[in-house]
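Please look through the structure below.

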Amino acid sequence: MKDICPTPKAAAAFACLGHPGRLAVFRLLMRFAPQGVRPTEIAAALGVKPNTLSHHLADLTGCGLVTVTRQGRSLFYAVDLHKTEALIGYLALDLGRARPDLLPKALHEKAHLMPDTPFKVLFICSGNSARSIFAEALLRDLGKGRFTAHSAGTRPGTAIHPFVLEVLTRNGHDITGLRAKHLSEFQGPAAPQMDFVFTVCDSAAAEECPPWPGQPITGHWGLPDPVKATGTEAEKALVFAQTYGALRARITAFVALPFDTLDRLALQTRVDAIGATSEGE
């Protein structure tokens, strides 16, 4: 930790997070970090009334844990990661006196370089019929054996969208074995332990999910749902092709990372930067 939050500011921040509603908002924003979220999306995900949410966001910004920016007509609220780091630093280094026995063992085990490949990667979206399937196929083929790619949905459909199979086939991907899967397949005791977990849609990122075993690096690479595209069949097909292109750009950047020289912190920063790109959106 580079900075430690002063005691008065730490007390104000802990008091703010002590309210269940504000804590729920902060936890949701952390799942999107470092990206921001519109208030309407926060309210919908948490089932909170707009006026109540407005008070929570005002309190969180007031204590410095959350920032707000305007993009066009929309406001976006995001976690201030530097202030959050300072608060955790206070909890661990000042209040906790840096006692290693108070820190989760997983943090010690995962603090150094990533393990040898193949890295196990899971892509999550709501339906597991389009975006996450694209990502699974792309990483499997572009990764050249250095990654084991998986995908799942929080509310998966029964089949992959036909346009997805068409785009993948046209681009030379083998579609054999691709199927829609429920997230629960990757949450049991016998499930493989992931090194990376990415959400590729906002609704999946907003859903409550228990911590992943092994503390994998996580990222939010949200893209609009091509299944919701309207217009002619040709226009809909174009949206699917654009979504494929956006994910291909991100995964190409991901597989090119120098994994053997980056520690977890550096990798998280790179993953966040890839998620902040807007190709195809």
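Ring pairs join Phe119, Phe123, Phe147, Phe196, Phe198, Trp221, Phe254 and Phe259 into a cluster. Rings of Phe, Tyr and Trp (its six-membered ring) pair if their centres lie within 6.5 Å; planes under 30 degrees apart count as stacked, over 60 as edge-to-face and the rest as tilted. By this rule there are 17 aromatic pairs. The model is predicted: local features need pLDDT of at least 70 and side-chain atom pairs count only at pLDDT 80 or more, while totals for chains, interfaces and linings use all residues. Residues are numbered from 1 along each chain as its sequence is written, and side-chain values use heavy atoms, with hydrogens and water left out.

Helices (H or I, at least four residues) and strands (E, at least two) are DSSP runs, numbered from the N terminus. Both Phe119 and Phe147 are buried. Buried means under 20% relative accessible area, exposed means over 50%, and partly exposed is in between (1.4 Å probe, protein chains only).

Phe147 also pairs with Phe254: the ring centres are 5.4 Å apart and the planes are at 40°, so this pair is tilted. It links distant parts of the chain, with Phe147 in strand S4 and Phe254 in helix H10, 107 residues apart. Phe147 has a relative accessible area of 7% and is buried; Phe254 has 0% and is buried.

The next topic is the nonpolar cores. A nonpolar core is a set of buried Ala, Val, Leu, Ile, Met, Phe, Trp, Tyr and Cys residues joined through side-chain atoms within 4.5 Å. In soluble globular proteins, nonpolar side chains tend to be buried together. The largest nonpolar core has 49 residues, of which Val121, Leu122, Phe123, Leu139, Phe196, Trp221 and Phe254 touch the most other members. Two or more residues of this core come from each of strand S3 (119-125), helix H7 (131-142), strand S4 (147-153), helix H8 (162-170), strand S5 (196-199), helix H10 (233-255) and helix H11 (264-275). The most, 8 residues, come from H10.

Which residues does Leu122 contact, leaving aside its neighbours within four places in sequence? They are His150, Ser151, Ala152, Leu183, Phe186, Met194, Phe196, Val197, Phe198 and Trp212. Contact means heavy atoms within 4.5 Å. A second, separate core has 25 residues, among them Leu28, Leu29, Val37 and Val66.

Helix packing comes next. Helix H2 (residues 20-32) and helix H4 (residues 50-62) have axes that come within 9 Å and cross at roughly 75°. Axes are lines fitted to C-alpha atoms, for helices over the stretch in contact, and angles run from 0 to 180 degrees between N-to-C directions. On the H2 side the contact is made by Gly21, Arg22, Val25 and Phe26, and on the H4 side by Leu53, His56, Leu57, Asp59 and Leu60. By class, this contact of H2 with H4 has 5 nonpolar, 2 polar and 2 charged residues. Ala, Val, Leu, Ile, Met, Phe, Trp, Tyr, Cys and Pro count as nonpolar, Asp, Glu, Lys and Arg as charged, and the others, Gly among them, as polar.

Arg22, in helix H2, counts as buried at 15% relative accessibility. Not counting residues up to four places away in sequence, Arg22 touches Ala15, Cys16, His56, Asp59 and Leu60.

The last topic is the backbone. Most residues other than glycine have a negative phi, and most peptide bonds are trans. Ala33 and Pro34 are joined by a cis peptide bond, with omega about 5°. Pro34 is in the loop between H2 and helix H3 (39-46). Asn128 is not a glycine but has a positive phi of about 50°. Asn128 lies in the loop between S3 and H7 and counts as buried at 0% relative accessibility. Lys144 has a positive phi near 50° and is placed in the loop between H7 and S4. Lys144 is exposed, with a relative accessible area of 73%.
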